[in-house]
Amino acid sequence: MNHSDFIITSTYQEIAGTKNTVGQYESHTAFTLPGLYRVVHGIDVFDPKFNIVSPGSDMSIYFPYSDKENRLTALHDSIEKLLYDPEQNEEHIGTLSDPSKPMIFSMARLDRVKNITGLVECYAKNTKLRELVNLVLVAGYNDVKKSNDREEIAEIEKMHGLMKEYNLDGQFRWLSSQTNRARNGELYRYIADKRGVFVQPAFYEAFGLTVVEAMVSGLPTFATCHGGPAEIIEDGVSGFHIDPYHPDKVASLLVDFFQRCKEDPTYWEEISKAGLQRILDRYTWKIYSERLMTLAGVYGFWKYVSKLERRETRRYLEMFYILKYRALVKSIPLAIDEEH
């Protein structure tokens, strides 16, 4: 039977980023559905309608730790209470017995794909990493009774299990979700004051706004190589790519980083400054709004000049479906028919 030729695209990642790559819209050129159609060509991904504008960082909330004049020092008491208050309650559990250590910091929803419990397990299993640094997380609830989401409940239970199994008390602090954006911004900077890092360990991350927030705050950032963060960070230059499917390698990379910083404090500052510069060059709200306005104008013009062509294309596709494709579909036997 003859195949019919179609065009198909698929989402690869949510942001095209900054490299000269296709980004979100990947063209499939070798896809077939036997007896119905085969793909012979992709779309023109550089058509104006496929421009993706990445979100930017709000510099009024997220700015470098070194910007002393604008630091929200009045919030430091409440931040220190969040991090070090020995009371165990619905807002914070776990303790940090040595506050002088740098911190690995992460903030995300407590979904399986975010892999926050994977980061805890990665940290817990590496003795050297636990000696060098503390682990601080902002994620979900710490009480299963607070959640109605089955997946989150499973992650909460897993987190408690890891804390108990690896005896993490004294090295691990778990903060429930924080909604105060101003304090969150200062929390990033407070972690930077302590020469910590930000880790984004998701199995897949479409963009990674927390990565941008951390980098613009001056925190050296380690983020998943699966998705948007791989475009935001230049590996080894303005941060580090990590593969969440290889947690042992992630732990080793973190150990190497903190060990190097211990021997040469300027290395922390080097990565911190490069990460900040990367965001200032490409991911601020000013850049975002300017690109958005430019592309809105381009897209408006594209719509004007291509209206007739799109109307004709739609008519052709409707005719093609009625005369050819619908008949093809009816001619393909169902799997259940073949069993009899």
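## Overall composition

The protein chain contains 11 helices and 12 strands, where helices (H or I, at least four residues) and strands (E, at least two) are DSSP runs numbered from the N terminus. This is a predicted model, in which local features need pLDDT of at least 70 and side-chain atom pairs count only at pLDDT 80 or more, while totals for chains, interfaces and linings use all residues. Residues are numbered from 1 along each chain as its sequence is written, and side-chain values use heavy atoms, with hydrogens and water left out.

Of the 340 residues in the protein chain, 45% are buried; buried means under 20% relative accessible area, exposed over 50%, and partly exposed in between (1.4 Å probe, protein chains only). Among contacts (heavy atoms within 4.5 Å) in the protein chain with a separation of 6 or more, 70% are made by residues 24 or more positions apart. The accessible surface of the protein chain is about 18,300 Å², and carbon and sulfur atoms hold 53% of it. Accessible areas come from the Shrake-Rupley method with a 1.4 Å probe; for residues, only the protein chains shown count as cover.

Strand β6 pairs with β9 (residues 172-175) in the antiparallel sense over 2 bridges, and His92 has Leu175 in β9 as its bridge partner.

Strand β7 (residues 103-107) runs parallel to β10 and is joined to it by 2 bridges, with Phe105 partnered by Phe198. Strand β11 (residues 221-224) also runs parallel to β10, through 3 bridges, and Gln200 has Ala223 as its bridge partner in β11. From β10 the chain crosses through helix α6 (residues 209-217) to β11 in a right-handed β-α-β crossover: with the strands pointing away from the viewer, the path from the first strand over the helix to the second runs clockwise.

## A nonpolar surface patch

Tyr316, Leu317, Met319, Tyr321, Ile322 and Leu323 make a nonpolar surface patch of about 640 Å². Leu323 lies in helix α10 (residues 285-331) and is exposed, with a relative accessible area of 63%.

Methods: Pairing = 2+ DSSP bridges. Patch = residues over 30% accessible without salt bridge, like charges linked within 9 Å, V, L, I, M, F, W, Y side chains within 5 Å. Salt bridge = Lys/Arg side-chain N within 4 Å of Asp/Glu carboxyl O.
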